[in-house]
Amino acid sequence: MRRRGGDSFRRAGRRKISNVVWWVLSGIALLLFFLILSKAGHIEPRPSIPKRRYRNDKFVEGMNMTEEMLSPTSVARQVNDQIALAKAFVVIAKESKNLQFAWDLSAQIRNSQLLLSSAATRRSPLTVLESESTIRDMAVLLYQAQQLHYDSATMIMRLKASIQALEEQMSSVSEKSSKYGQIAAEEVPKSLYCLGVRLTTEWFQNLDLQRTLKERSRVDSKLTDNSLYHFCVFSDNIIATSVVVNSTALNSKAPEKVVFHLVTNEINYAAMKAWFAINMDNLRGVTVEVQKFEDFSWLNASYVPVLKQLQDSDTQSYYFSGHNDDGRTPIKFRNPKYLSMLNHLRFYIPEVFPALKKVVFLDDDVVVQKDLSSLFSIDLNKNVNGAVETCMETFHRYHKYLNYSHPLIRSHFDPDACGWAFGMNVFDLVEWRKRNVTGIYHYWQEKNVDRTLWKLGTLPPGLLTFYGLTEALEASWHILGLGYTNVDARVIEKGAVLHFNGNLKPWLKIGIEKYKPLWERYVDYTSPFMQQCNFH
């Protein structure tokens, strides 16, 4: 019996232990459950999705646009869009000569703008009710504009047609302006013609004047003295030539060493001699020699190919009729001055002055404002021509002056080679003769008998003749452009020789007014002959 009692005691103890374990586990489970619930109550909320920014938000901020204007149901925006479209149609209506419709559109634009203005003043959005009639009236007009084919494509076509018509008118006006400007440039002013006549009369009437000049030239050894500064000018313009000589004399540090060799034609020969004989005392000791090219025995058609060309009837017709190429050649290339041998004598300087070794060539449309004696000591490095280059811009390179579609030009000359200027050139006549430069000139003139290598003028053949034989001079020696364009005042001030190249010569009424004083300061307006011929 005891045995059974002991077993019962042991069973009861086991039940107690198992119950305790079960309660402990249940408590842990409950504790875990409460812990989970408490943590769940403290879970942080997810971050909100950021508001999307559109790529034109910065533009909207910069324009200070309101949310009401950006709303897809905005009445104000609809009115604004109508106004913008209506303004475009107003322009098209005016271009189409539909002025009444343009006026109707403009009136309706004003009504719409007043509607927007009133809403902005009271600071409240427009309502559909108050804007309905305005939007409807504008919509009717816009629809009417569409029915009239007031669209962008049509407008573009009309504008293109208008632009083309204006371009044609401008081209016609430009051509006429160029033609009349060329005619004005070619005209001899009455005062200049008068001066030539009066001086010629004075020369033949005043025997003492002839005798004085003849005696002076007979004993003047300076004309062939190569230690002096020799200048040459080829011109039939007495006043222009006198300005070149006067300005050189007045700005020379040693005028007694300056010798001017002037060559003119037979018509102006007596007048030129009379002028410088009368004014010799005002030249500060400068020596002046006057010749006429008709006296040069070597100047004949058998030696000078250009002389034969100038005497050709087709060439003269080319200049004076202007109808044999349907106007394809610009009028500036038809200037009859190119028929004058004075324009071509620059290629025969060694023949004109056989005793000289170095000479400075000056055009008659220049003004000298610095001493030029330093030009005679410049080393030309065995080159023949010293000149200022003009290749700062592409239109002054060789391809501008020559016909590069011709194989003879294309095979001999670099199209991008620098051009240079005639008008102030230092010529080494020793090297000229040694290299037979005049022969080179003859070669190219004969090749251009049909004018296919270049149009007329002296610069293109000069570029060919002195190709590879030209030494670049410092730019301030020769300032170009005073006869056709604006030149920087600082550049003019530093320039030694100012060139009035172009049609607007300073002795003409069409000359550029602001540059005329640079030339007129060397004109002797006190001369009785100038006053008699109304020079002022």
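Visitor: In which sense do strand 9 and strand 10 pair?

Guide: Strands are DSSP runs of E with at least two residues, helices are runs of H or I with at least four, and both are numbered from the N terminus. Two strands pair if DSSP finds at least two bridges between them. Here strand 9 and strand 10 (residues 497-499) are joined by two bridges in the parallel sense. Histidine 478 has valine 497 of strand 10 as its bridge partner.

Guide: The model is predicted, so local features need pLDDT of at least 70 and side-chain atom pairs pLDDT 80 or more, while totals for chains, interfaces and linings use all residues. Residues are numbered from 1 along each chain as its sequence is written, and side-chain values use heavy atoms, without hydrogens and water.

Visitor: In what order do the three strands of the open sheet stand?

Guide: The order is 5-10-9, with mixed pairing. Strand 5 (366-368) and strand 9 (478-479) each have a single partner strand, so one side of each has no neighbour in the sheet.

Visitor: Is tyrosine 404 buried or exposed?

Guide: Buried means under 20% relative accessible area, exposed over 50%, and partly exposed in between (1.4 Å probe, protein chains only). Tyrosine 404 has 16%, so the residue is buried. Tyrosine 404 sits in the loop between helix 15 (398-401) and helix 16 (407-412).

Visitor: Which backbone oxygens lie by a polar atom of its side chain?

Guide: The backbone oxygen of phenylalanine 413 is 3.3 Å from a polar atom of the tyrosine 404 side chain, and that of aspartate 414 is 3.2 Å from one.

Terms used: Polar contact = N/O pair within 3.5 Å; in protein donor to acceptor, adjacent residues only side chain to side chain.
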